[in-house]
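Hi,

Here is the structure I promised to pass on to you.

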Amino acid sequence: MVYLWLRAETKAMEHRAALTPSTCKTLLDRGFKITVERSRERIFDDEEYEKVGCHMVPIGEWRKAPKEAYIVGLKELPEGETDPLEHTHIFFAHCFKNQGGWTDILGRFDAGQGTILDLEFLNDAQGRRVAAFGYHAGFAGAAIGVDDWCHQKLNPGQVLPPYKPFPNEAALISYIRERLDRAVALNNNKVPEVMVMGALGRCGKGACDFARAVGIPEAKIIQWDMAETKAGGPFPRILESEIFVNCIYLNQPIPPFFTPEMLDHERNLSVIVDVSCDTTNPHNPIPVYSINTTFDNAVVTVPTKNPLPLEVCSIDHLPTLLPRESSEAFSRDLLPTIIDLENREQSAVWGGAEALFKQKVAAMKALA
């Protein structure tokens, strides 16, 4: 019997869940055992899990879980802890691409003889991710990008207000579209141009779909992907658009898309949304900021010699702006792979994830 333990997320403003009540019911019907930590932040009420038969426990009890339980989550473990980790964890660890602090988290698992099965690196035989939040990340990222541009026109010089989750896509589209109509009227009826980098992927498709949904004409949605960028950056064309949404998947060093010096010159660009959010990656192709922003403080100002303001949104969990829809889509896609835990030893997906974890631990030790 496979035992899953859904831990409560502790990251601020994280309302999503890797396992939804509907996927839990499917798994329980197959004979899985599921424990769920109670959470006031999760978009799904505790009662929704209880109703389908999950066993409920207080937040943080995963540390006392039986060793055979898979600890399932989404975002990082609580900050500031250093104790060894003995369980097998399924989550986005954000430590396999040499991000800041990667050796610390890997060291905890190595010390406790635990394992990370990273959700970002669960790939099928064709190398495609079995489940991802990419579409909703791009959708939400474009929403904040357009909204920030509107805010610059409607409330120049004022701080962008905090964001709260929206109940569904329709509510988000309606809110931004109304603001866009007012902002365009103040901009001599000129609609902003939105440039999407990585437009052919799931994330890029989400960004383009949002731009269309709020009425931005197709001619004003500039879609770049591998063909347009194969020669390598920098790309001055980015500076011609008012809004730039970066949706690439960074898996190797690439030249920067633009340099800080380029921003000092004439440009239309006033909003950057780095959906990819490789903030601490040494090869971040947007080398003009160094912090992750939050839903409470969604943008950070980039200092330039150009009087036109420039702000960056670098929220690393954008889909939680639409927590119910994004969770249902992700959990539904993940479900067949979770079921494969019944035969994990024969699963190429889980075997590949474990092999990658061992490879990264070996790389960490080689640095010692």
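Below is what I found, going from the whole chain down to one residue.

A word on the source: this is a predicted model, where local features need pLDDT of at least 70, side-chain atom pairs count only at pLDDT 80 or more, and totals for chains, interfaces and linings use all residues. Residues are numbered from 1 along each chain as its sequence is written, and side-chain values use heavy atoms, with hydrogens and water left out.

The chain has 9 helices and 12 strands; these are DSSP runs numbered from the N terminus, with helices being H or I of at least four residues and strands being E of at least two. Its radius of gyration is 21 Å, close to the 21 Å from the globule rule for 368 residues, so the chain is as compact as a globular protein of that length. That radius is taken over C-alpha atoms, and the rule is 2.2 Å times the number of residues to the power 0.38. Along the principal axes, the C-alpha atoms fill a box of roughly 65 × 50 × 40 Å.

Of the 368 residues, 55% are buried, meaning under 20% relative accessible area with a 1.4 Å probe, counting protein chains only.

S327 is buried, with a relative accessible area of 0%. Beyond its neighbours within four places in sequence, S327 is in contact (heavy atoms within 4.5 Å) with R16, A17, T20, F44 and F133.

Enjoy exploring!

Notes:
Buried < 20%, exposed > 50% of the residue type's maximum accessible area, 1.4 Å probe, protein only.
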